[in-house]
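Trainee: I would like to learn how to read a protein model. Please take me through this one step by step.

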Amino acid sequence: MFETVLLPMDANPQALDTAVKALELVQVYDSRLVLLRLLDLVPDPPLLVRIQARIDQSGVPCQRLERGGEPLTVILDVADELNVDVIVMGTGGVSLNSNDGSTAARVIELAPCPVLVVP
């Protein structure tokens, strides 16, 4: 069902929880994971190391990308370029109203595929 799962990595403190959910999804559907490190929203280095270690320990195939630019544009461009089947994003809270300014709400509105938001 989901061949390719995109996991944008940002500065969200709950990023490890989001990565765990993405890994669960990838393992259930025997998918490929694309870890997108958003350079303009760099996570805490120890957190990034823990996330990458968790992915490596899982044995899940993972393509790693790093891109700079406005997060919404980068996420949508990568999703389109790689023809991903689902985007898994974390959020500290989202009203799903694209006017609230959250990247997650805008991705949900504009993405070319389903978006799984992890609170």
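**Reading the model**

Mentor: The protein exposes about 6,100 Å², and carbon and sulfur atoms supply 49% of it. Accessible areas come from the Shrake-Rupley method with a 1.4 Å probe, and for residues only the protein chains shown count as cover. This is a predicted model, where local features need pLDDT of at least 70, side-chain atom pairs count only at pLDDT 80 or more, and totals for chains, interfaces and linings use all residues. Residues are numbered from 1 along each chain as its sequence is written, and side-chain values use heavy atoms, with hydrogens and water left out.

Trainee: In what order do the elements of the protein run from the N terminus on?

Mentor: Helices (H or I, at least four residues) and strands (E, at least two) are DSSP runs, numbered from the N terminus. The protein has four helices and five strands. From the N terminus on, the order is β-α-β-α-β-α-β-α-β.

Trainee: What percentage of the 119 residues is buried?

Mentor: Buried means under 20% relative accessible area, exposed over 50%, and partly exposed in between (1.4 Å probe, protein chains only). Among the buried residues are Ala15, Thr18 and Leu25 in α1. For the 119 residues of the protein, the buried share is 42%.

Trainee: How far apart are the end C-alpha atoms of helix α1?

Mentor: Helix α1 covers residues 15–29, which is 15 residues. The expected span is 1.5 Å times one less than the number of residues. That rule gives 21 Å for α1, and the distance between its end C-alpha atoms agrees: 21 Å.

Trainee: Which elements are included in what covers the buried residues of α1?

Mentor: Val20, Ala22 and Leu23 are among the buried residues of α1. Their cover includes strands and a helix. The names are β1 (4–9), β2 (32–38), α2 (45–58), β4 (86–90) and β5 (115–118).

Trainee: Which residue just after α1 takes a positive phi?

Mentor: Look just past the end of the helix. The phi there is about 50 degrees, and the residue is Asp30.

Trainee: Which residues is Thr103 in contact with, leaving aside its neighbours within four places in sequence?

Mentor: Thr103 sits in helix α4 (residues 103–110). Thr103 is partly exposed, with a relative accessible area of 27%. Contact means heavy atoms within 4.5 Å. Beyond those neighbours, the contacts of Thr103 are Pro71, Leu72, Ile75 and Met89.
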